[in-house]
Amino acid sequence: MNQRKVPFLDMKSPYQELKAELDAAYQRVMESGWYILGEEVKSFEREFAAYCGARHCLGVGNGLEALHLILRGYGIGEGDEVIVPSNTYIATWLAVSYSGARPVPVEPDPRTYNLDPLRVEAAITSRTKAILPVHLYGQPADMDPLLEIAGRHNLKVIEDAAQAQGARYKGRFAGALGHASGFSFYPGKNLGALGDAGAVLTDDDELAEKIRMLRNYGSKVKYYNEYKGYNSRLDELHAAFLRAKLPTLEEWNQRRVKIAEYYVERLSGLPGLTLPHVPEWAEPIWHIFTVLHPRRDELQKYLASQGVDTLIHYPIPPHLSDAYRDMGIPQGTFPIAERIAASELSLPMGPHMSFEDAEYVANAIRRFAEETK
Ligand SMILES: *Cc1c(COP(=O)(O)O)cnc(C)c1O
């Protein structure tokens with residue numbers, strides 16, 4: 001019998017659908033003979049800033065460096081503290097560590113999995129310089145209360161928008177809500193390049209100017225170096241590919257919304273299964289569609305046996321990873337993050353997923369939930 005195979009994310013169909021546009025982008029760059037910081041990067045920066053409603057966009061090497069450059073740009077480093085979610089991809093924490101500052105984890109709202117504003121204030125000290133919320137899984141964090149707290153304590157709000165290209169919070173774009181934001185265009189993100197790429201968005205003229213230099217060896221004029229900068233530039237080729245894909249981002253996100261709606265319709269009310277909670281002000285773009293189940297590992301194994309690929313985002317919260325053992329945070333310190341890590345499962349999702357595949361996935365989950373209740 002030929003078993004159906006459902007990939008976690010179809011990485012081939014995007015090229016099939018946009019072959020003409022992507023091939024033309026490639027040709028343009030090849031024939032221009034210009035590969036670093038040229039017209040493609042400038043145009044993408046203009047187009048992506050306009051799309052999100054921000055004043056400046058700076059193309060950089062990847063999402064981790066986007067966040068790091070923002071922290072450097074604001075002069076945040078040694079001796080400073082930055083509030084981060086206890087449940088996030090480790091890159092959020094690493095950006096803070098690279099800057100020399102200390103990541104201070106705060107638990108998420110257990111319903112939305114995003115940084116809980118009610119817990120943030122208790123974590124603020126005289127050393128706190130910024131709050132770094134993540135729009136996790138493509139769902140916007142509750143930004144208004146975070147901005148209000150930041151305003152009272154004179155802190156920057158830096159958004160990790162790596163998973164949220166096109167997501168809206170109260171009608172406004174994720175990444176254009178705080179003082180600055182970092183985006184990743186890693187190939188698997190909703191807007192993905194064909195390699196590593198990232199960007200910073202900000203309305204802050206001074207920060208934009210500084211990051212423009214920091215990404216390019218700390219210089220504005222070649223060979224005149226004002227800062228000890230980095231080499232973190234968005235390539236012309238990736239900028240051209242991103243320009244080819246940006247016009248379809250809205251439509252591709254909407255296709256994800258339809259799959260998410262279908263999952264919710266078919267999976268609501270199953271014993272043991274927790275579906276994503278979407279507050280009324282949030283328009284998520286479903287970078288990841290999560291379910292929680294107390295017997296997650298068995299569910300994942302069962303789905304694998306049915307040909308369904310799933311992933312866990314993320315199996316180990318940063319504070320329990322070997323990389324952060326030096327912080328000496330014992331297990332049990334962040335129970336919400338630890339519970340999410342122990343029970344989260346990410347279902348197949350993407351703009352090229354068929355409803356037949358979604359139905360197949362939903363049926364398999366229904367069988368598992370009924371049999372194990
Ligand atoms: C992908 C991601 C990053 C890092 O982006 P890269 O481009 O891989 O460096 C940072 N934060 C979150 C939440 C991410 O998902």
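In these legends Ala, Val, Leu, Ile, Met, Phe, Trp, Tyr, Cys and Pro count as nonpolar, Asp, Glu, Lys and Arg as charged, and the others, Gly among them, as polar. The views are taken from a predicted model.

**View 1. The shell of residues around the ligand.** In this predicted model, the ligand is surrounded by N62, G63, L64, Y89, A91, V134, D160, A162, Q163, S184 and K189. Sorted by class, this shell holds 5 nonpolar, 4 polar and 2 charged residues. The charged residues of the shell include D160 and K189, whereas L64 and V134 are among the nonpolar ones.

**View 2. The largest pocket, which holds the ligand**. The space taken by the ligand is the largest pocket of the model, and the volume of this pocket is about 640 Å³. Its lining is made up of 31 residues, and those that lie nearest the centre of the pocket are Y89, Y186, K189, H287 and Y314. Of these central residues, Y89 and K189 also belong to the shell that surrounds the ligand.

**View 3. Helices and residue classes in the lining of the largest pocket**. The helices α4 (63-73) and α5 (90-99) each supply at least two residues of this lining, and α5 gives the most, with 4 residues. By class, the lining residues of the largest pocket divide into 18 nonpolar, 9 polar and 4 charged.

**View 4. The second largest pocket and the elements that line it**. The second largest pocket has a volume of about 460 Å³. Among the 18 residues that line this pocket, L37, N216, S219, K220 and R233 are the closest to its centre. Two or more lining residues come from each of α3 (39-52), α8 (205-214) and β10 (219-221), and the central residues S219 and K220 fall within the range of β10. The lining of the second largest pocket comprises 7 nonpolar, 4 polar and 7 charged residues, with K220 and R233 among the charged ones.

Definitions and conventions
Residues are numbered from 1 along each chain as its sequence is written. This is a predicted model: local features need pLDDT of at least 70, side-chain atom pairs count only at pLDDT 80 or more; totals for chains, interfaces and linings use all residues. Side-chain values use heavy atoms; hydrogens and water are left out. A residue is near a molecule or strand if one of its heavy atoms lies within 4 Å of it. On a 1 Å grid over the protein atoms alone, a cavity is a set of points where a 1.4 Å probe fits but cannot get out, and a pocket is an open set with protein on both sides within 12 Å along at least five of seven lines; lining residues have an atom within 4 Å of a point. A molecule sits in a cavity or pocket if more than half of its atoms lie within 2 Å of its grid points. Grid points are joined across faces, edges and corners, and a volume is the space filled by probe spheres set on the points.
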